[in-house]
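This report describes selected features of a structure with more than one part. The sequence and the model are shown first, and the notes follow.

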Amino acid sequence: MSQNADNAVEVIDLSKNYGPVAALKEVSFSIESGKYFVLLGPSGGGKTTLLRLIGGFIKPSAGTVLLHGRDVTDLAPNERPTSMVFQSYALFPHMSVAKNVGYGLKLRRMRKAELDERVEEMLAMVGLEGYGARMPHELSGGQQQRVQLARSLVLQSDVLLLDEPLAALDAKLRKDMCLELKRIQEKVGITFIHVTHNQEEAMTVADRIAIVAGGELVEQGAPRDVYERPVRRFTADFIGENNLFDGRVTKTGGNAATVDLDFATVQALNGNGLAAGQAVALSIRSELLGLLTPADAENGGLQTIPAEYLEEVYLGLTTSHLVRLPNGQEIMVRTLSNGEAAATFEPGQTVTVGWKTEAARLHPD
Amino acid sequence: MTAETSPAIEPPAGRGRDIAAKPRWRRFLTGEDGIQKVVFYIPLVFMTLFFALPVALTLVWSVFERTRFWMEPGFTLFAYETFFTSARAENFLHAMMHSAGAVVISFVLGFPIAVFVRRRVPEIAQHRVILLFILPFMISELIRIFALRPVLSRHGLLNSFLMDIGVISEPISAILFTPLGVVIGEVLSFLPFMVFSGFLAMEAVQKYVFEVCDDLGAGTVSTFKDIIVPLAAPGIFAGSVFIFVNGLGVGLIPNILGGPGATNAGSIVFESIVALDFPLAMAVSAIMIVTLMALLYIGHRLFDLTRILEPIS
């Protein structure tokens, strides 16, 4: 073991080109051992390519993959300490559940008694005790994915790769399986790398989330950081329901910065390293915005902009209010739909949108 | 337009009127009332007319009495006795063995082609590549088989090629007009069937299966033996039956490539008809049908042949 052994996965300047198309552009990152790591991003952003490069299913155009400090860039999938859970219900349709789970062990010439024991143990782990004799087509989608999980886990690899494992499941089942995946990961304690385009799924399972888009690793961090303190404009746009404004820094002082949005001038607090005259994007999550009464607006302490009320969209837990800014941009203000309806607004009415200064984030890129 | 004046909203009695309004042939084809369900019996009618009835007639005629130019109703097993006590039974068995040999060789040569096309050829090109194997059928079977003579003969292409590259010093004369020639002819004629049905079966095998095999560390042999063959078994079996049936039944091949005395079931039937022994011809046909039905039944029990149509549905 080398000095990097604490990192289960280390990817250095990894690139993958398909002809003239760059699917992945010099991506570097590392994953601490025993973490649940999620690669989140829009379709076609390169996250599955990244996962398949780590698993060895495709060869990189350039760069290195280290697993526990060992260079595995040129090794085949089965020569790496990784196992893969595929998106489709990728079970062998002609083998029973137990045979599916045990096939990898059988290839390793494990004795039958020990093999059966390990298979039974693993089926219990994924909550499918007693299902060994069933055939895949007799199982529901969720159960099939559990079998896949057992088939990968039984090999006791150091890193488990999950390629959109819940994409084919319906919303309710997906939620349950998320919690189940998290529970299993904590139990076995190995590193999970999970690819998904579903934000909620990512937030549920992840210790760390990496946003992958356009063949690049945009940003990574704990779910809370990525959601509440996105650094890059793309992250703010992709995660949560953010409103983005383009503006120009007019004044800086310490952390604070004053930003001119053309129709209003507002303050923000993460202005480190910004200079006056620089173009920035300002993001505020819709739930941190409020529609203010004139009295609130007077109270001060809030950043405010004028707007025209357009319409209300009731979504159950929350209600979204669509308003139009003086520059024509439409933004979303989200409030909890609690019983006692706050002020109601008429379409066309002039309203004031306000937020606490610390709610806004500046993105210089 | 209001509900009262709308012709679309009518009391339930409207159904009867509706039916009367349509021409009878249209009601028949769209299957709207009881009688029209007949349309669903068309396959049954077809199978009765062109399969069950001929098979039944074959069986019945095989026990008729032979007359000079035709046969007359009766019950005798004379034709079967003739078959089993003559060299014909032995020839039939040999033909079955040669046919089985052709099946095995076709599997060894043809199935890997199907697997290769499915695994390595880009998806959009797969069907076109498979279609190429239809091209030989554009040429008459008689010509195709006859063309093998100058290839396989003592001074043919094969021998001169082998001598040119120094593999042999004397031409091999044991290829043409021997059972070997027949098997070669059968393989070359029927190989595409193994490729077609093998490919069809491989289409049902999802691509992910191969990735899973790579991930679990199944080598080429394990993947082939444990995964590909079991999953493609219905297709392999269907192709095998097709080749076996044709190898047994197409009398042309032993006639042209097998030399004097070479026969198979097809040529035995043909010779019996030429000799005006119709009951014998029927008996040989009946034996062939029973053999093949038994094979199909066993295969269906083992592999569930309906699975081969799964990728289509």
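## Strand pairing, burial and the interface

In chain A, A:Leu67 stands opposite A:Arg70 in strand E5(A). This is a predicted model, in which local features need pLDDT of at least 70 and side-chain atom pairs count only at pLDDT 80 or more, while totals for chains, interfaces and linings use all residues. Residues are numbered from 1 along each chain as its sequence is written, chains are lettered from A and ligands numbered from 1 in the order in which they are written, and side-chain values use heavy atoms, with hydrogens and water left out.

Helices (H or I, at least four residues) and strands (E, at least two) are DSSP runs numbered from the N terminus. Two strands pair if DSSP finds at least two bridges between them. E4(A) and E5(A), the latter covering residues 70–71, run antiparallel and are joined by two bridges. They form a hairpin with two residues between them, and A:His68 in the turn has a positive phi of about 50°. E4(A), residues 62–67, is also joined by five bridges to strand E1 (residues 7–18) of chain A, again antiparallel. Here A:Val9 is the residue opposite A:Leu67.

Strand E8 of chain A, residues 191–196, is largely enclosed by the rest of the structure, because six of its six residues are buried (under 20% relative accessible area with a 1.4 Å probe, protein chains only; exposed is over 50%, partly exposed in between). On one side of E8(A) the buried residues are A:Thr191, A:Ile193 and A:Val195, and on the other they are A:Phe192, A:His194 and A:Thr196.

Another residue of chain A, A:His321, lies in strand E17 (residues 318–324). Is A:His321 buried or exposed? A:His321 is buried, with a relative accessible area of 8%. Its side chain makes a polar contact with the side chain of A:Tyr309 at 2.7 Å. A polar contact is a pair of N or O atoms within 3.5 Å; within protein, one must be able to donate a hydrogen and the other to accept it, and residues adjacent in sequence count only if both atoms are side-chain atoms. Leaving aside neighbours within four places in sequence, A:His321 is in contact (heavy atoms within 4.5 Å) with residues including A:Leu291, A:Glu311, A:Ile331 and A:Val333.

Chain B has 15 helices and two strands. Of its 313 residues, 40% are buried.

Where the two chains meet, 23 residues of chain A are in contact with 16 residues of chain B. Together they bury about 1600 Å², 64% of it on carbon and sulfur atoms; this buried area is the accessible area (1.4 Å probe) that two parts lose on being put together, summed over both. A:Arg52 forms a salt bridge with B:Glu211, the closest N and O atoms being 2.7 Å apart. A salt bridge is a side-chain nitrogen of Lys or Arg within 4 Å of a carboxyl oxygen of Asp or Glu. On the side of chain A that touches chain B, strand E6 (82–85) and helix H2 (97–107) each supply at least two residues. H2(A) gives the largest share, four residues.
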